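Here is a briefing on a two-chain model.

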Amino acid sequence: MTQRSNIFNNIDKPVLFLYLTMVAIGWLNIFAAEYAETQKHVFDFSTSYGKQLIWICTAFILAASVLMIDVRFFTNFSQIIYGVFILLLTGVLFFGVEVNSTRAWFQFGGLAFQPSEIAKYGTALALASLMGSARLRKPGHLMRLKAFLLVLVPAVLVLLQKDVGTTLVFASFILVFFREGWLSGLALFFAGLAVALFVLALVFNELIIIGILALIGITIAIIMRKKPKIFPQLIGLFLLVAIYVYSVDFVFENVLQPHHKARIEVLVHGGADLQGAGYNLHQSKIAIGSGGLWGKGFLQGTQTQFNFIPEQTTDFIFCTIGEEWGFVGSLLIIGLFLALLMRLITLAERQKSVFGRVVGYSAVSVIFFHFAINIGMTIGLAPVIGIPLPLISYGGSSLWGTTLLLFTFLKLDAKRLEML
Amino acid sequence: MNIHTNTDHYLHRKKIIAWIVMGVGMLLLVRLFILQIADPSYKVFARSNFLRHITDYPSRGLIYDRHGELLVYNEAHYDLMVIPGQVGDIDTLAFCKLLNIDVATFESRLLQARRHSRFRASVFERQISKTAFAAFQEKLFRFPGFFVQPRTLRKYSYPVATHTFGYVGEAGPNIINNDPYYRPGDYIGISGIERAYEKELRGQKGLRIRMVDVLNRDIGPFQDGRYDTLGVAGKNLYTTLDTRLQLYGEKLMQNKRGSIVAIEPSTGEILSLVSSPSFDPGLLVGRQRTRNYRALQNDTLKPLFNRALMAQYPPGSVFKLISFLIALEEGVISPTTSHGCAGIYHTRGISIRCRPHPSPVNAITGLQHSCNTYSSIIFQNTLNQPLFNNIQDAFTQWRDYVRSFGLGQYFGSDLSYELPGIVASADYYDRIYGPGGWRSQTILSLGIGQGELGVTPMQLANMTAAIANRGHYFTPHTVKAVGDPQNSNTQYALANNIPISREHFETIVYAMQRVVNDGTASFSRIPDIDMAGKTGTVQNPHGENHSVFVAFAPAENPQIAISVIVENAGHGSVWAAPIASLMIEKYLSGEVKRHWFEQRVLDASFLTAMP
């Protein structure tokens, strides 16, 4: 057996199948979302479904290339690939075009390219390389700092593009850190607590939250009264949380941009402003909610076909699925994502190298974050931060980024027995 | 293989991550289940999002006069409507500029509309100008949630017969709550013919359900128009009014308070109905309606008050016609029964004055000179007939005669807001004087048309028509036919009979001719037309007496019966009779030859004298 025939036989078929299915479903829904407006030919490349066909074809070429390149390319050049993406992210700040008040795009004729979508891939490779190199010893503080900076630098560059949504995606690497033992379970818990407190602090009065926390603290103190040495830690923790809760309001009022504030307020206060920031969410919920069990049928969604939902081919593509395919369609999409994520976790765990496992968990983290936040925001469970649904939404950069990440991991998986 | 030994003790974290992923996935599914299956409200939202219910308002029926001349018609205009739930992020400034309003007004109107309903259309701006309409039609797609609703407004050929036509206004909350046909912003007839024939005039609203996209662009009918209904145009009305006579009557009544009612005795058709002062019916149409209405309401001359149907006067001497007829029918007098008159009539402490005239008088000359003494005597004799056991029975029979002329009750025809007048009952006197504690002399003033009597000009004209018909009348009405001029109203074709023999009517008609030819109204005799009439002077405790005259002509083949009241104008012969004679001359000969006579009436003004 030659190496080439080997690779196509060895790549994981379930992931490949899920990938192709989701890309196909995505294209059908992009077509549905734009169909009524244009009613042009499928191969009309001025439409987003026409353009998406090009993106899909190039993504397939990209996937095939990744599978054919020697696996050592990724392990050995990961730092260089990371460096190239950092350069691209910096370059876009100077040479990019501004779209919707974010400067995140390079424009080539009719096609636009967003380096931040692919920068996640570079970050995953660099992180894998760093964590792989540290495999023989427990990570020291310097290593942790390096790893942290690997994620922070692209995140800050993306933030400078004023693309808060994509910046937040970098936070998803916390799962990788957690899995590799670079972060304690307590840290993950506190990260979750911080997010929960952030939202709670916006919804409720700070005093109420601090009062409740104080009650919890006192209860713990009473239970643990036999171990008085934890009291200083408990009090310190309590003070920290109190300061955090108070600082949330400050951050919210003084750091966040008005449209972000509005979107978070829509989320926590239930969409009071239906004409302004709440419009998208309201229309999105109407579209999905009116789908019922079986949906209105392909190309039959009234909200979709009459364009009530803005950005429907990209960030709100799930509305089309929800309206035209109903709860059955929602179930299908969520089932596909969960199947993909579960399969990726299984594959990641069977890696022989830390490098491969980190790339696998990076794919899991990034896809999971996009999936949870994107669908969550269309149904009012997450703030509308404008990130696409991987493999489904319109957009070449997102498709390329996800394809690169997935197929690099599939390549590593196929070659896992050769890697040590 | 120490790769694994290094990381193995973190292996359990795989499960934690898997649980987080599955947990979030389940959370999304639960939420989707609630949204898509458990909660039906989003399906309603979705329908209201893209379905637009467009009401087709049919044009209101036209109103013609008795000769087929068009009097009331419609003119198109446009209302700017808003569905607050669909108002998107629009350029408020540009919008306000188009309408020429400020942003504060815009906000408050939108709020008002939202209070009414988020999903139903409210009127944002009534009757927008044609230029604003043109501008809007072009830019409507930029203002989702707004649309233009074509409507019609009333227009009038002549500024006359305002009270008869009535007016159309917006349906108020009371109407909307009680009648599901009406929606806010709909029009409804408020008074006059517009009110009485509202159901015929309004037609039937049509409904079209259209689909629109997010830019408010029309995509097409919903389900190929399966749920659409067509509007049905309102029916035309053919009234009994004679436009020439109506115009002339209003002209004669200029600068006077009072009314003229002219009826065709053979049918009960109202030829003209004048209530003065009046106003241009066009004032109560369109955007200025509310302001004009308020101004009319505050006018001390009360132009909104329809005197012809709602003013109740003691009839005065014209009531003697009925009084004499009852006495003749009861056999209390014959035409030749005569009594002397000394200029004053005394009975048990009560005295009634009379004007100087030759004495003695009989039934004919008594009426001719409007003798109060003769009237009082026959009134007392009628009530004091020995066949009655008591005054109550006697009075009740007398009262039944009076009511048979249509007095003291509603006609119940197509006249909006008529008043029934007053003819007090025996119970009423029993309550005041105690049961049976009253005598004929107690209520003596009734015999000369004063006291507890109230009649409207309409009732006086009808009474005159009944005399002209020698004993019956047809219920007065204003509409001959609905929908088609041939399709006549048959409900008023039945005669109301008066239980008094024709011969007595002939006697009274003869006396009425004498009134005109050689009596109180001789001043108003019309050359070549044999008019029968009776003057009246209504005592007015608040000022100058009211001038009253009733008449019909020609005496032998009556074609018009008329009542005229001019408030604060003095004796009936001076102003009311001339006006009635001019009206009759105009109607019967088509033109008036007595120019100086006409000019005298036109020049007269009684508005300065306070009532």
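Lys162(A) sits in the loop between α6 (141-160) and α7 (164-169) of chain A. Helices (H or I, at least four residues) and strands (E, at least two) are DSSP runs, numbered from the N terminus. This is a predicted model: local features need pLDDT of at least 70, side-chain atom pairs count only at pLDDT 80 or more, and totals for chains, interfaces and linings use all residues. Residues are numbered from 1 along each chain as its sequence is written, chains are lettered from A and ligands numbered from 1 in the order in which they are written, and side-chain values use heavy atoms, with hydrogens and water left out.

- Lys162(A) is not a glycine, yet its phi is positive, at about 65°.
- Ser359(B) and Pro360(B) are joined by a cis peptide bond, with omega near -5°.
- Pro360(B) belongs to the loop between β14 (350-353) and α15 (363-368) of chain B.
- The peptide bond from Ala553(B) to Pro554(B) is also cis, and omega is about -15°.
- Pro554(B) is in the loop between β21 (546-553) and β22 (560-566) of chain B.

**Interface of chains A and B**

- In contact (heavy atoms within 4.5 Å) are 58 residues of chain A and 45 residues of chain B.
- The buried area is about 4,400 Å², and carbon and sulfur atoms give 71% of that. Buried area is the accessible area (1.4 Å probe) that two parts lose on being put together, summed over both.
- The rule finds zero salt bridges between chain A and chain B. A salt bridge is a side-chain nitrogen of Lys or Arg within 4 Å of a carboxyl oxygen of Asp or Glu.
- Elements giving two or more residues to the chain A side include α8 (174-179), α9 (185-203) and α15 (317-349) of chain A.
- α15(A) gives the most to that side, with 12 residues.

**Helix pair in chain B**

- Helix α16 (residues 372-383) and helix α17 (residues 391-404) of chain B have axes that come within 9 Å and cross at roughly 120°. Axes are lines fitted to C-alpha atoms, for helices over the stretch in contact, and angles run from 0 to 180 degrees between N-to-C directions.
- α16(B) is therefore oblique to α17(B). Angles under 35 degrees count as roughly parallel, over 145 as roughly antiparallel, 65 to 115 as roughly perpendicular and the rest as oblique.
- α16(B) makes the contact through Phe379(B), Thr382(B) and Leu383(B). α17(B) uses Ile391(B), Ala394(B), Phe395(B) and Trp398(B).
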